[in-house]
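Dear colleague,

I am handing over the structure below, and after it I set out what was found in it. Please read the notes with the structure open beside them.

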Amino acid sequence: MTDMNKLASANARRFAAATVTRNVASVARALVAAKARYQTVEKKTGVPWFIVAVIHMRESSQSWKRSLAQGDPIDEVSTHVPKGRGPFKTWEDAAIDALVECAPFLARKKDWSLGPALANLEAYNGLGYASRGVPSPYLWAGTSEYKAGKYVADGKYDPNHVDQQPGCATLIKAMMAIDPTITFTGATIAPAPAVKPAAKSAAPKVIAGGVVTTVGVGVQQGWGATQWVIASVVIAAVVLGAVGLAKGWFKRS
């Protein structure tokens with residue numbers, strides 16, 4: 001049985017070391033151009049859109065008339081593994097079925113960070129290469145990590161056969177150069193909570209000569225020494241005015 005954690009670690013190292021050795025820019029552009037359609041599948045399955053895109057290229061050369069599961073026509077019952085799927089009305093319906101209902105059930109996977117995502121992609125094609133301890137061309141064809149070796153038929157491995165299709169990791173690297181939003185982190189950064197302004201204390205009211213005057217509170221406002229001096233002068237003037245008015249009232253009485 002393949003140790004998926006070890007495979008994830010090995011593929012993460014390969015991705016970091018790999019350089020693209022084939023010109024796949026036009027293919028990468030075509031995949032990025034169809035981002036909206038792949039995102040429709042992502043919303044229904046949780047599988048990142050760019051993962052869906054590279055599987056689509058490997059399984060059916062991005063044909064919208066063939067299934068993501070094995071490349072069979074979507075309007076017919078499939079005859080290749082997984083067999084007996086379909087027919088489907090749309091490519092999206094077939095893709096959702098492939099990810100939700102067919103092994104290795106990628107829609108059930110929750111970790112789409114770099115290593116696990118590449119391990120999931122390899123498992124989609126099969127773990128025969130991992131059991132041999134060699135890089136899978138399904139991922140690495142067209143990079144410095146792959147030289148030769150391919151299963152040319154079920155159970156038949158040819159160590160000298162070179163896979164001519166670009167691998168999934170190859171395509172993802174090329175797509176990243178076009179669309180910088182592609183990432184393996186899978187992390188959602190929650191927005192910082194809004195900071196509510198501190199409640200202001202009710203300002204004291206000074207009654208002077210029957211007139212209500214509101215004086216701001218310096219502590220809550222963060223006043224400095226100069227502002228306090230000005231406030232003190234204002235308060236003193238108000239108080240003196242009140243005293244003067246009071247004296248005048250008593251004299252008239």
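**Aromatic rings and their surroundings**

Tyr 151 is partly exposed, with a relative accessible area of 24%, where buried means under 20%, exposed over 50% and partly exposed in between, with a 1.4 Å probe and protein chains only. Please bear in mind that this is a predicted model, in which local features need pLDDT of at least 70 and side-chain atom pairs count only at pLDDT 80 or more, while totals for chains, interfaces and linings use all residues. Residues are numbered from 1 along each chain as its sequence is written, and side-chain values use heavy atoms, with hydrogens and water left out.

A search of the whole structure gives nine aromatic pairs; rings of Phe, Tyr and Trp (its six-membered ring) pair if their centres lie within 6.5 Å, and planes under 30 degrees apart count as stacked, over 60 as edge-to-face and the rest as tilted. One of these pairs joins Tyr 129 and Tyr 151, which are edge-to-face at 5.0 Å centre to centre with 75° between the planes. This pair links distant parts of the chain, since Tyr 129 lies in helix α7 (residues 128–132) and Tyr 151 in strand β1 (residues 150–153), 22 residues apart; helices (H or I, at least four residues) and strands (E, at least two) are DSSP runs numbered from the N terminus.

Tyr 129 counts as buried because its relative accessibility is 4%. The rings of Tyr 129 and Tyr 157 have centres 6.1 Å apart and planes at 70°, so this pair is edge-to-face. It too links distant parts of the chain, with Tyr 129 in helix α7 and Tyr 157 in strand β2 (residues 156–158), 28 residues apart, and both residues are buried.

Elsewhere, Phe 15, Trp 49, Phe 50 and Phe 184 form one aromatic cluster. The charged end of Lys 173 sits over the ring of Phe 15, 4.3 Å from its centre, and that of Arg 108 sits over the ring of Phe 105, 4.0 Å from its centre; the rule asks for NZ of Lys or CZ of Arg within 6 Å of the ring centre and within 35 degrees of the ring normal.

**The chain as a whole**

The secondary structure comes to 11 helices and four strands, and of the 253 residues of the chain, 36% count as buried. Among contacts (heavy atoms within 4.5 Å) between residues at least 6 apart in sequence, 55% join residues at least 24 apart.

Best regards
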